[in-house]
Amino acid sequence: MLSRRHFIMTTAALFSTPIATPVLASTSSQWSAWDAQVTPADFDPSVSNPWGLHPRLLPKRVEANDGLTPGDIHVDAVARYLYHIQTDGTAMRYGVAIGRGGLYEPGTYTIRRKAKWPSWTPTPAMIEREPDIYAKFADGMPPGPANALGSRALYLYVGNRDTYLRIHGTPLSRSIGSRASSGCVRMVMAHINGLYDNVAVGSTATLYSADNYVTASN
């Protein structure tokens, strides 16, 4: 696993531009309508902030250290940042929320699947752990702006095994920057919509330990 000195230092340049099940099919026209619903008017990722996030959690272009593979994702669990490595030596940095308590699982994963406006079903472990919250969704939650996976989801695997960990949008945007999820990495829906189209299936996602910084402190 990479150490802090191998990873990423920020620059001043600004950004310019769970289980899914087929509970309910949705159409591309519905997707477009929902995308519009979760995207602020005149959206500028670097400054638009109707969610009241700390400004550091807004998308930003940063400088990547040498040796990182373009297209890969790295999650700094301490700073609550997700980095998507670019071909020009930079990375796109986004604020995220991570798993609370012992539910966050650092490791190296492969993104084997992507989905727009996915449906969602809680795992049996989630239902057992918090039945008051999750039992009512045992048969699944249909896609839409209130869905727990939000507008986009990247599915994390180890080999061919689905870990049920996701990088996904969330209707709970104010949780960004905290430890709040049941293990997944959450993003603002308008932010993951921009990330999603640039992430290829087969890319690697590395989730770093919450005990160590892997980025510069600023």
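## Terms and basis

A residue is buried under 20% relative accessible area, exposed over 50% and partly exposed in between, with a 1.4 Å probe and protein chains only.

The model is predicted: local features need pLDDT of at least 70, side-chain atom pairs count only at pLDDT 80 or more, and totals for chains, interfaces and linings use all residues. Residues are numbered from 1 along each chain as its sequence is written, and side-chain values use heavy atoms, without hydrogens and water.

## Aromatic pairs

Rings of Phe, Tyr and Trp (its six-membered ring) pair if their centres lie within 6.5 Å; planes under 30 degrees apart are stacked, over 60 edge-to-face, the rest tilted. The structure holds 3 such aromatic pairs. One of them joins Phe 43 and Trp 51: the centres are 6.5 Å apart and the planes stand at 85°, so this pair is edge-to-face. Phe 43 is partly exposed at 25% relative accessible area. Trp 51 is buried, at 12%.

Tyr 81 and Tyr 83 also pair edge-to-face, with centres 6.0 Å apart and planes at 80°. Both of these tyrosines are buried.

Helices (H or I, at least four residues) are DSSP runs numbered from the N terminus. Among the buried ones are Met 189, His 191 and Tyr 196.

A charge sits over a ring if NZ of Lys or CZ of Arg is within 6 Å of the ring centre and within 35 degrees of the ring normal. Arg 152 places its charged end over the ring of Tyr 196, 5.5 Å from the centre. The charged end of Arg 113 sits over the ring of Tyr 155, 4.4 Å from its centre.

Notes: Helix = DSSP H or I, 4+ residues; strand = E, 2+ residues; numbered from the N terminus.
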